[in-house]
Each structure stands twice: as structure tokens, then as C-alpha cells.
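Here is a short briefing on the structure shown below.

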Amino acid sequence: MRIAVMGSGGLGGFFGGRLARGGADVVFVARGAHLAALRADGLTIESPEDPFVLPTVQATDDPASIGPVDIVLFTVKLWDTEAAARAIVPIVGPGTAVLSLQNGVQKDDMLRPILGDAPLMGAIAQIATTIARPGVIAQTGTMQRLVFGEFDGSRSARAERFLAACLAGGIKAEIATDIRREIWQKFVFLVGLSASTCATRSPIGPVRRNPHTRALLLGLMEEVVAVGRGHGVALPDGFAADRLAFIDTLPDGMVASMFHDLAAGRRLELPWLSGGVVDLGATVGVPTPLNRTVRDILVLHAEGRPA
Ligand SMILES: NC(=O)C1=CN([C@@H]2O[C@H](COP(=O)(O)OP(=O)(O)OC[C@H]3O[C@@H](n4cnc5c(N)ncnc54)[C@H](OP(=O)(O)O)[C@@H]3O)[C@@H](O)[C@H]2O)C=CC1
Ligand SMILES: CC(C)(CO)C(=O)C(=O)O
């Protein structure tokens with residue numbers, strides 16, 4: 001199976017590395033010092049449960065040079081989506097599936113005008129990874145799960161083939177029957193975690209223990225559920241409370257990736273997290289005052305600190 005990883009950072013480097021280890025023919029699209037390191041020294045995955053090194057990998061900054069592929073793992077930050085989507089047009093053939101593992105619920109709608117409906121397969125990733133240094137991806141914790149599926153709910157041959165490639169590489173993967181709901185379910189949790197930890201500048205432990213911030217966390221997630229339902233997604237009753245119970249099982253020091261970006265003065269995916277909740281709420285008349293407040297508190301940091 002020939003796979004291109006469009007954006008070989010924390011997420012793409014980790015899953016692309018495991019797919020290559022499992023025997024897939026993987027080409028990593030990267031740039032700058034990270035690309036130079038991948039070419040010179042291969043890819044290193046630092047992980048508490050399963051570290052490994054691929055001494056040589058195929059890496060390029062020019063997707064057009066790759067030729068048609070079976071799968072594109074689309075793993076750039078959300079602000080790079082349109083440019084990266086245009087760059088992969090030459091490698092998307094009639095049988096190619098494009099899986100955006102990005103966060104948020106608007107990602108596939110951003111890809112659709114550029115790539116069309118047919119290549120898109122829905123997907124979510126549950127993992128915590130980052131580029132530790134050029135050529136090196138670090139995984140925090142041991143959680144790793146990849147869920148994907150066709151938007152029409154069918155169990156397609158291309159999804160089955162990709163599942164087999166994932167399992168061969170040691171990825172905990174599964175095919176979903178309702179991938180849109182899966183994407184929203186992750187969104188509920190992620191918006192709660194990112195908004196509450198970033199707004200309070202605190203990891204999740206203290207947030208969930210204090211009654212005021214606990215209520216804020218629950219309220220943020222309840223708004224996402226209401227917006228999702230407004231958009232026709234069958235999120236179950238009590239789903240926000242269910243996610244709060246899940247959050248109670250996380251380590252005290254857990255934060256969202258947006259917290260790391262905020263702390264480091266990097267650009268934020270805020271417009272597609274709490275900002276996305278506000279925008280999508282407005283289109284269906286669902287009020288989102290808590291997410292609006294978080295967005296408005298953080299918006300001055302959304303472009304990152306000037307260099
Ligand atoms: N990391 C994680 O644990 C998780 C991340 N996600 C989501 O996945 C997405 C990706 O996140 P993450 O992997 O952390 O981000 P990273 O910044 O680590 O990786 C993205 C990589 O793509 C590169 N890139 C962007 N555009 C191009 C281009 N045109 N050509 C070549 N390389 C390009 C970036 O390069 P440069 O640095 O030069 O911009 C960067 O190396 C986000 O939406 C995030 O929310 C979801 C679940 C977990
Ligand atoms: C919460 C987590 C780590 C789950 O994958 C995530 O997606 C993020 O912080 O961006």
C-alpha cells in the first residue's frame with residue numbers, strides 16, 4: 001500500500017512511522033530542518049511503550065513528485081489546510097482515500113471544495129505527540145487510537161485495506177460505522193479540555209477539582225453537544241457528563257495540545273475549536289456564550305507571539 005503523509009509532524013510522523021514499520025510504502029512530506037533530518041538520519045519515534053527508529057525514510061517537500069497513492073494521511077495544522085490540500089491534488093487519483101486526522105469538525109468541509117467528496121474518508125486520532133527535534137517525534141503517554149470510516153457508513157474495501165496496514169504497524173485502529181458522530185464526540189472532549197485548560201492556564205487536575213472551573217468545563221462541552229445536535233449529529237443524552245467522567249480518569253497534569261502552543265507562543269487552532277463552536281452555533285441558532293468568552297479571551301494569542 002502506497003501512502004503519503006502530508007505534514008509529517010507529531011501526528012503524521014508517528015502514524016506514518018508505524019505504517020512504514022508495518023511494511024507500507026510511505027512517503028513523508030515535510031519541510032525545513034525536519035525534512036533535512038528525515039533525509040539525513042531517518043525517523044525516530046520516542047515513546048514510553050514502543051520506541052523505534054527507521055534509519056532511512058522517503059521524504060520530500062514536493063508532493064507532486066510522489067505520484068498517485070492509495071492513501072493520504074492529511075496531518076497539517078488547520079491553518080495550513082487549504083495550501084496543503086492544493087499541493088496534494090496531483091497525487092489524488094480515482095482510488096485514493098484522503099484521511100484528515102486533524103482536530104475539529106470543519107476539516108473535511110475545508111478539503112471538499114479542493115479535493116471533491118470521493119477521496120474523503122472521515123478520521124480521528126487520539127494520541128499526544130510532538131516534534132521533539134528535527135527528525136524526532138515524541139509520544140507522551142501510551143494512548144494511541146485511530147478511527148476512520150466512509151461518510152456514508154459503508155465498510156469499503158479501501159478502508160479494510162488501510163485497516164490491515166495499520167494493524168500490521170501496531171496502530172490501534174478501527175473502522176467506524178458513523179464517523180461523523182465519532183468526529184463530533186472527540187470534538188466535545190477536545191473543546192472542553194483545550195478551552196478550560198487554556199483559559200485558566202492550568203492543567204486539567206485543578207480545573208476538574210474546583211467547583212467553578214468544573215462547571216465551566218461541563219458547560220463548554222454541553223454547548224458543543226447542543227451545536228452538534230443542531231447540525232443533526234446524534235450525540236446521546238448526557239454525553240457532556242459522560243465526557244466529564246472520562247476526563248476524571250485522565251492524569252492530573254494532562255493539557256490539550258493548544259495549551260502547549262499557547263505556552264510556547266505558537267499559533268493556536270482556536271478558530272476551529274471554541275471559535276468553531278461559536279461559528280457553527282450561529283448557523284443553527286444555538287447560543288454558545290461560554291465558548292464565545294473563551295475565544296474572546298484567547299483571541300489576542302491566536303496568531304502566536306511575534307518572533
Ligand atoms: N499531535 C497530536 O498529538 C495530535 C494532533 N492532532 C491534530 O493533528 C493536526 C496536526 O497536528 P500536529 O501533528 O501536532 O502538528 P505539527 O505541527 O507537529 O505537524 C504538522 C507538520 O506539517 C508541516 N507542514 C505544513 N504544511 C506543509 C507543507 N505544505 N509541506 C510540508 N510540510 C508541511 C509542518 O511544518 P512547519 O512546522 O514548517 O509548519 C509540520 O511539521 C492538528 O490539527 C492537530 O490538532 C490531533 C490529535 C492529536
Ligand atoms: C487531547 C488530545 C491529546 C487527544 O488526542 C488532542 O487531540 C489534542 O490535545 O490536540
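The points below are grouped by topic. The model is predicted. The protein is assigned two domains, domain 1 (2-177) and domain 2 (181-301).

**Domains**

- The C-alpha centres of domain 1 and domain 2 are 25 Å apart.
- Across the boundary, 12 residues of domain 1 contact 11 residues of domain 2.

**Ligand 1**

- Ligand 1 is surrounded by 30 residues.
- G7, G9, G10, Q102 and N103 are the closest of them.
- At least two shell residues come from each of α1 (10-21), α2 (32-41), α3 (81-88) and β8 (120-133).
- The shell around ligand 1 holds 13 nonpolar, 12 polar and five charged residues.

**Ligand 2**

- Around ligand 2 sit N103, Q126, I127, A128, L190, L193, A256 and S257.
- N103 also belongs to the closest residues around ligand 1.
- Both domains take part: domain 1 (2-177) and domain 2 (181-301) each provide at least three residues of the shell around ligand 2.
- Among the elements, β8 and α6 (179-200) each supply at least two shell residues.
- The shell around ligand 2 has five nonpolar residues and three polar ones, with no charged residue.

**Helix pair α8 and α11**

- Helix α8 spans residues 211-230, and helix α11 spans residues 274-284.
- Their axes come within 9 Å and cross at roughly 45°.
- α8 is therefore oblique to α11.
- The crossing of α8 and α11 is left-handed.
- On the α8 side, the contact involves E223, V224, V227 and G230.
- On the α11 side, the partners are V277, L280, G281 and V284.
- The contact of α8 with α11 has five nonpolar residues, two polar residues and one charged residue.

Technical notes:
Residues are numbered from 1 along each chain as its sequence is written. Chains are lettered from A and ligands numbered from 1 in the order in which they are written. This is a predicted model: local features need pLDDT of at least 70, side-chain atom pairs count only at pLDDT 80 or more; totals for chains, interfaces and linings use all residues. A residue is near a molecule or strand if its C-beta atom, placed from the backbone, lies within 6 Å of it. Helices (H or I, at least four residues) and strands (E, at least two) are DSSP runs, numbered from the N terminus. Ala, Val, Leu, Ile, Met, Phe, Trp, Tyr, Cys and Pro count as nonpolar, Asp, Glu, Lys and Arg as charged, and the others, Gly among them, as polar. Domain bounds come from an automatic or database domain assignment. Two residues are in contact if their C-beta atoms, placed from the backbone, lie within 7 Å. Axes are lines fitted to C-alpha atoms, for helices over the stretch in contact, and angles run from 0 to 180 degrees between N-to-C directions. Angles under 35 degrees count as roughly parallel, over 145 as roughly antiparallel, 65 to 115 as roughly perpendicular and the rest as oblique. A crossing is left-handed if the near helix is turned anticlockwise from the far one by less than a right angle, and right-handed if clockwise.
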